[in-house]
Amino acid sequence: MASESERNKRLLQDVLAKPGNDVCADCGNAEPDWASVTLGVFVCQGCSLLHRGVPHISRVKSVQQETWDASEVELMAAMGNEAAKAKYEQKVPAFYYRPKHTDCKLLREQWIRARYERNEFEFIEKQEPYSAGYREGFLWKRGRDNGQFFSRKFILSEREGALKYFNKQDARDPKAVMKIETLNATFQPAKIGNPYGLQITYLRDNSTRNIFVYHNDSKEMVDWFNAIRAARFHYLQVAFPGASDEELVPKLTRSFMKEGFMEKTGPKHTEGFKKRWFTMDDRRLMYFKDPLDAYARGEVFIGSKENSYTVLPGLPPSTQGYHWNHGITIVTPDRKFLFACETEAEQKDWIAAFQRVINRPMRPQEYAAKSMTRPSCCQSLHD
């Protein structure tokens with residue numbers, strides 16, 4: 001005859017098999033093997049560690065390795081991931097970023113706290129910090145010249161259609177005005193060297209500009225991120241009045257497709273190869289002398305195969321001057337661009353990223369972006 005603990009374990013497996021319980025309640029990762037016995041949700045190991053950070057609202061147990069009481073199994077059966085979603089996500093704004101298991105710890109932790117600790121999606125008034133259409137405050141911004149971070153006042157105004165920052169607290173004129181139309185934000189903790197580091201990009205004279213910021217309060221930083229997404233969402237609703245939320249949400253902010261060091265040579269292919277930091281932002285391939293540079297040294301538009309763009313492994317036989325042995329050639333209608341990677345794994349990753357873009361047909365607005373890209377950008381891969 002089965003013991004009580006064995007019976008409970010079998011019943012728990014039945015609960016785990018119910019719809020919605022086969023993925024992490026917080027990040028969507030497959031096959032969760034932990035559970036919060038106070039909230040009644042199944043979570044992955046990564047999110048279980050974040051739940052341990054809020055012990056006053058969540059107590060986690062291993063589904064497989066620990067002994068379960070009948071009362072705990074009953075709670076899991078009564079709640080479960082689907083019921084928890086209905087309770088804790090009643091009023092999540094369409095623009096609010098729902099993190100995946102591949103996202104940084106900051107986003108996943110604040111999503112957990114927003115739902116279970118602050119109950120932000122049960123009470124709309126708690127969403128004011130990122131839903132009001134206006135936000136101002138101080139962020140630490142990296143200086144262009146010496147790499148130090150300075151406290152700067154930022155104002156995000158949907159009415160003005162811009163994010164601005166000021167070098168001095170009492171300054172009347174902003175140091176920079178970033179139009180919401182071209183604004184993007186992505187968390188880059190490792191790159192910036194701060195767990196709450198955010199990279200903001202925008203276009204100025206059709207050239208990409210980067211600024212790097214952080215705040216010492218994790219909630220503040222995620223509120224800024226979602227306020228930018230809200231501003232982008234409302235801008236796009238006006239720009240594309242017939243579009244659904246499902247069509248607009250993927251356009252609010254984007255992570256870079258691929259970043260890392262490669263070697264490059266100039267347009268004549270006779271110059272020596274130089275090590276540079278490359279960022280693939282949708283169809284823009286940009287390179288920088290340093291990962292935290294404010295401006296790209298050059299930009300290349302990557303079109304589609306229908307427009308005669310191709311990516312090839314290796315370099316032309318006559319190529320000289322490279323130090324890394326894993327070459328990539330990008331063929332465009334105008335010229336060939338030559339790159340070299342340090343490892344074969346990096347080469348494969350870059351080729352896969354390029355191939356994804358090249359295989360995707362170009363949208364009408366991307367033709368406009370291509371025509372707006374300055375010729376000097378495309379031809380400036382020589383320094």
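I began at Y287, which stands opposite G298 in β14. I count strands (E, at least two residues) and helices (H or I, at least four) as DSSP runs numbered from the N terminus. Two strands pair if DSSP finds at least two bridges between them.

The model is predicted: local features need pLDDT of at least 70, side-chain atom pairs count only at pLDDT 80 or more, and totals for chains, interfaces and linings use all residues. Residues are numbered from 1 along each chain as its sequence is written, and side-chain values use heavy atoms, with hydrogens and water left out.

I then followed the sheet. It is open, has 7 strands in the order β14-β13-β12-β11-β17-β16-β15, and its pairing is antiparallel. β14 (298–301) and β15 (310–313) stand at the edges with a single partner strand each, so one side of each has no neighbour in the sheet.

On a 1 Å grid over the protein atoms alone, a cavity is a set of points where a 1.4 Å probe fits but cannot get out; a pocket is an open set with protein on both sides within 12 Å along at least five of seven lines; lining residues have an atom within 4 Å of a point. Grid points are joined across faces, edges and corners, and a volume is the space filled by probe spheres set on the points.

I found 2 cavities of 30 Å³ or more. The largest cavity has a volume of about 60 Å³. Its lining includes K141, R142, R209 and D293. β10 (207–214) and β4 (134–142) each supply at least two residues of that lining, and the largest share, 4 residues, comes from β10. The second largest cavity has a volume of about 40 Å³, and among its lining residues are Y130, Y134, R135 and E158.

I also checked the second largest pocket, which has a volume of about 610 Å³. It is lined by 23 residues, of which Y97, D103, T186, R254 and S255 are the closest to its centre. β8 (184–187), α8 (218–239) and β11 (258–264) each give two or more residues to this lining.

Last, I looked for disulfides (pairs of cysteine sulfur atoms within 2.5 Å). There are 0. For C104, the nearest cysteine sulfur is that of C47, 12 Å away. C104 is buried at 18% relative accessible area, and C341 is buried at 0%. Buried means under 20% relative accessible area, exposed over 50%, and partly exposed in between (1.4 Å probe, protein chains only).
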